[in-house]
Amino acid sequence: MGSLGDGGFGGAVPYPGVPPVFEDRTPDACVVVPGIMGSVLEDAATGRPLWGVDLGMLTGASAGGGLFGALRADESERAADADTFRRAPLTRVRATGLLAKPWWLPVLEGLDPYSEAVKALREVTLAPEAVAPFPYDWRLAVAYNGAVLARAARAHLTGWRERVAARPEWRAAGGRQPRLLFAAHSMGGLVVRAALEQDPELAADTRAVVTVGTPFLGSVKSVLTLNLLHAGAKPARLLRQVQAMAATLPGVHDLLPDYRCLDRGLDVDRLTPSDVARLGGDEHLAARSLDEHTRRWEHPFAMPGHRAIVGEAQPTVQTLDEQQYAGHAVAVGRHHSFDAGEDGDLVRDPATGIPARRDSRGDGTVHTPSAQAGGTEARTYVFGQHGTLMRHDDVLRQLRNIALERPQGPRLSGTSAGPGLETPQLGGTFGQPLTLHATGLDTPARGSLTVRSATTGRMGHPLTLRRDPDRTDGALAARFTADAPDLYRVTLDVEDHVPITQLVLVSPPDA
């Protein structure tokens, strides 16, 4: 056998210079898919911004009615499905980009921009153009947006493969044909699943799908959003506008919970279309969504290379208690869920027959079991609020690692007994103090709570955490009074953990 000097290794000629060392980058194409509320929308005919541009539509004393009205789905938008896009795509509203500034809605609460996630992936790809944001009209059905994504992802992958093929140094660094990686937040994970299910060839060209806080079993908050007209809730004008809009949107109805979530005391029921209609939603849209849940349960689809990042330890509404107020059905969120045995029956207390309740917690919007697809996907867990997960340092690190195909690490933040943040889900009113809660801390000395304006960066007054005597879970509370109507970022700093943040809107008193 020849030596290195004799042209060893199969007769290869010795390399005369210094061997190149390539940067640790992936040759794959990446697509970032936001969640509900996460795309900027505009009127396609006039170019008028409808969503994600001007916070005045939320904070202004008289603004917003016309804009929320324009966001209501018309008859064709309510009926649109995947075949609609393939035959005649809708054109009234256009998605122009990912959310570029913090945003907020009652019940759904705060949502951070996706710029950090896009940046994190661009740091580990061969060129920034390998990462494509996918803005979409989140008002529409998941099936419709899945068809839009399938076409856009195929075009992005084809274009990126052509670019890589034209660069010899990229081919050497990559060593294989580029494939797709999807990074999806919240409802975006459902859109990715729909796209891959509709297009098997696209699924075959997909290396990995990362879902962050995706409600595979739905979220009770969708029902609470449809039921915003309960008496006494403030700010009344904003709540009326949001409820009237949400009741027309297929996208909101596609987030309805599929699991048993309607607490009847001695029993727990799944939602029916008539339940949803009674609680403020659209019966037809609910029926279509719940039928789709049933189809997926009977015919599950596993996304290729699926990794689910699941938020944990945050106080999270998991089930509903229906009450009557002034002749109207009012949905009250409860921070507990129920277990079912292998036979599908509820687990009950053997002494009383009452269904056993437990607090599964979650990310503040999606309770932990719902953020798991239920298949063989790999899961990691992180302490963080739903709307701010895509800028969470641990999530960004995980996105980079998965893009580079590094082995997946252990749980990001230990067990579920960790720090949590709880803010008023309906926001606050200027002139009235907000009560903020920190959970999972044994002493106030372990954490600090700060508030600053999310629009100007202005810091609020220092807050003091104290034990809340009205809470049975040992939560700590602090009171915050805003000095102006604005969108505020609340941050809980805890030793040995990445800070947990949430956004909360303070409205004018006459909003």
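Biologist: Hi! What should I know before I start?

Modeller: The model is predicted, so to speak of local features we need pLDDT of at least 70, side-chain atom pairs count only at pLDDT 80 or more, and totals for chains, interfaces and linings use all residues. Residues are numbered from 1 along each chain as its sequence is written, and side-chain values use heavy atoms, with hydrogens and water left out.

Biologist: Thanks! How many aromatic pairs are there?

Modeller: The count comes to 5 aromatic pairs. Rings of Phe, Tyr and Trp (its six-membered ring) pair if their centres lie within 6.5 Å; planes under 30 degrees apart count as stacked, over 60 as edge-to-face and the rest as tilted. F134 and Y136 form a stacked pair, 5.6 Å centre to centre with 20 degrees between the planes.

Biologist: Is F134 buried or exposed? And Y136, buried or exposed?

Modeller: F134 is buried, at a relative accessible area of 6%, and Y136 is buried at 2%. Buried means under 20% relative accessible area, exposed over 50%, and partly exposed in between (1.4 Å probe, protein chains only).

Biologist: Which residues do ring pairs link into a cluster?

Modeller: W51, W103 and W138 are linked that way.

Biologist: Where is S39 found?

Modeller: S39 is in strand 2, residues 39–43. Helices (H or I, at least four residues) and strands (E, at least two) are DSSP runs, numbered from the N terminus. S39 has 0% relative accessibility, so it counts as buried. Leaving aside neighbours within four places in sequence, S39 is in contact with residues including W51, F134, Y136 and W138. Contact means heavy atoms within 4.5 Å.

Biologist: How many residues of strand 9 are buried?

Modeller: In strand 9 (residues 206–212), 7 of its 7 residues are buried. Strand 9 pairs with strand 8 (residues 180–185) in the parallel sense over 6 bridges. Two strands pair if DSSP finds at least two bridges between them. A184 has T211 in strand 9 as its bridge partner. Strand 9 also pairs with strand 12 (residues 306–312), in the parallel sense over 4 bridges, and there V210 stands opposite R307.

Biologist: And the open sheet, what order do its strands have?

Modeller: That sheet has 4 strands in the order 18-20-23-22, with antiparallel pairing. Strand 18 (420–422) and strand 22 (466–467) stand at the edges with a single partner strand each, so one side of each is left without a neighbour in the sheet. Strand 18 pairs with strand 20 (residues 434–439) over 3 bridges in the antiparallel sense, and E422 stands opposite H437 in strand 20.

Biologist: Why is helix 11 largely enclosed by the rest of the structure?

Modeller: Helix 11 (residues 236–246) is largely enclosed because 8 of its 11 residues are buried. Among them are R237, L238 and Q241.

Biologist: Is P200 buried or exposed?

Modeller: P200 counts as exposed, at 58% relative accessibility. P200 is in helix 9, residues 200–204. The C-alpha atoms of P200 and A150 are separated by 9.9 Å, with the two residues 50 apart along the chain.

Biologist: Last one: what volume does the largest pocket have?

Modeller: About 1100 Å³. On a 1 Å grid over the protein atoms alone, a pocket is an open set of points where a 1.4 Å probe fits, with protein on both sides within 12 Å along at least five of seven lines; lining residues have an atom within 4 Å of a point. The volume is the space filled by probe spheres set on the points. Of the 33 lining residues, L217, W297, P369, Q372 and G374 are the closest to the centre of the largest pocket.

Biologist: Which helix gives the most to that lining?

Modeller: Helix 14 does, with 3 residues.
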